[in-house]
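This report describes the fold of one protein chain and then some of its residues. The sequence and the structure come first.

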Amino acid sequence: MSDLEIKFLAFRVYRSADKQAFSRLHELHVERIRRFVAFKVARPEEADEITSEVFFRAWEYMTSQKVDNLTAFLYKVARNIIADHYRKSKRTEPLTEERAAVTATPGSFIHDLEVHEEAEQLLTLMAGLKPEHREVLVMRYQDEMSIAEIAQVLDKNSNAVRVLLHRAKQAIKRQG
């Protein structure tokens, strides 16, 4: 779906609290937001709960305020809810294999095994990174967000995001 169509759906939500438009936006973004949250919380149940809260708060906000960049907005809401979650529970955010599930296209057993093995290696490398490096790598390469979208989510300028990405890639190279 194009950015223009997404903006139109978001406008419909703002203008007339269109539940069907919001449902379509939810379908388009829920998997990415869930995956982002899963990298940051300990249990899949927490990830599901936080993801639901993201879309609940998005609905509340979008029915009263216009949102220009929905993707950046949803990631920002997710980051804030995750921060609140850790403030309340006072836990750290270890990266575990069970919450960083990498989905593969169903195929042969050997293909699935190779994907699983590569995912384990990647998770091991990612676990050694700073949280901000993990976050920016996931947003850029897994969720395919633009530099501008990441900058908006992180409240940084584009150059700072490029530097952060570069440093994250260098950190992975040093580990590998």
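## Overall fold

Among contacts in the chain between residues at least 6 apart in sequence, 63% join residues at least 24 apart. The model behind this value is predicted. The chain holds 8 helices and 0 strands, and from the N terminus its elements run α-α-α-α-α-α-α-α. Of its 176 residues, 37% count as buried.

## Packing of helix 2 against helix 3

Helix 2 covers residues 19-38 and helix 3 covers residues 44-62. The two pack at an angle of about 140 degrees, and their axes are 9 Å apart. The crossing of helix 2 past helix 3 is right-handed.

On the side of helix 2, the contact is made by Lys 19, Phe 22, Leu 25, His 26, His 29, Val 30, Ile 33, Arg 34, Val 37 and Ala 38. Helix 3 contributes Pro 44, Ala 47, Asp 48, Ile 50, Thr 51, Val 54, Phe 55, Ala 58, Trp 59 and Met 62. Sorted by class, this contact has 14 nonpolar, 3 polar and 3 charged residues.

## Aromatic pairs

Searching the whole structure gives 5 aromatic pairs. One of them is formed by Phe 22 and Trp 59. Their ring centres are 5.2 Å apart and their planes stand at 70 degrees, so the pair is edge-to-face. Phe 22 belongs to helix 2 and Trp 59 to helix 3, so the pair ties together parts that are 37 residues apart in sequence.

The two partners fall into separate accessibility classes: Phe 22 counts as buried because its relative accessibility is 12%, under the 20% limit, whereas Trp 59, with a relative accessible area of 22%, is partly exposed. Phe 22 and Trp 59 also form one aromatic cluster together with Phe 55.

## The largest nonpolar core

The largest nonpolar core has 47 residues, and those that touch the most other members are Val 37, Val 54 and Met 62. The elements that give two or more residues to this core are helix 1 (3-16), helix 2, helix 3, helix 4 (70-89), helix 6 (131-142), helix 7 (147-154) and helix 8 (158-175). Helix 4 supplies the largest share, 10 residues.

Met 62 can be followed through its contacts. With neighbours within four places in sequence left aside, Met 62 is in contact with Ala 10, Val 13, Tyr 14, Phe 22, Leu 25, Val 67, Leu 70 and Phe 73.

His 29 lies in helix 2 and is one of the residues that make the contact with helix 3. At 4% relative accessibility, His 29 counts as buried. Beyond its neighbours within four places in sequence, His 29 is in contact with Ile 6, Phe 55, Leu 70, Thr 71 and Leu 74.

Leu 28 is also found in helix 2. This residue counts as partly exposed, at 27% relative accessibility. Leu 28 and Met 1 are 27 residues apart in sequence, and their C-alpha atoms are 8.3 Å apart in space.

## Ile 172 in helix 8

Which residues does Ile 172 contact, leaving aside its neighbours within four places in sequence? They are Leu 125, Met 126, Leu 129 and Leu 137. Ile 172 has its place in helix 8.

## Loop residues with positive phi

Ala 17 is found in the loop between helix 1 and helix 2. Its phi is near 50 degrees, a positive value in a residue other than glycine. Ala 17 is partly exposed, with a relative accessible area of 34%.

Asp 155 has its place in the loop between helix 7 and helix 8. Phi of Asp 155 is near 55 degrees, again a positive value in a residue other than glycine. With a relative accessible area of 61%, Asp 155 is exposed.

Notes
Residues are numbered from 1 along each chain as its sequence is written. This is a predicted model: local features need pLDDT of at least 70, side-chain atom pairs count only at pLDDT 80 or more; totals for chains, interfaces and linings use all residues. Side-chain values use heavy atoms; hydrogens and water are left out. Axes are lines fitted to C-alpha atoms, for helices over the stretch in contact, and angles run from 0 to 180 degrees between N-to-C directions. Helices (H or I, at least four residues) and strands (E, at least two) are DSSP runs, numbered from the N terminus. A crossing is left-handed if the near helix is turned anticlockwise from the far one by less than a right angle, and right-handed if clockwise. Contact means heavy atoms within 4.5 Å. Ala, Val, Leu, Ile, Met, Phe, Trp, Tyr, Cys and Pro count as nonpolar, Asp, Glu, Lys and Arg as charged, and the others, Gly among them, as polar. Rings of Phe, Tyr and Trp (its six-membered ring) pair if their centres lie within 6.5 Å; planes under 30 degrees apart count as stacked, over 60 as edge-to-face and the rest as tilted. Buried means under 20% relative accessible area, exposed over 50%, partly exposed in between (1.4 Å probe, protein chains only). A nonpolar core is a set of buried Ala, Val, Leu, Ile, Met, Phe, Trp, Tyr and Cys residues joined through side-chain atoms within 4.5 Å.
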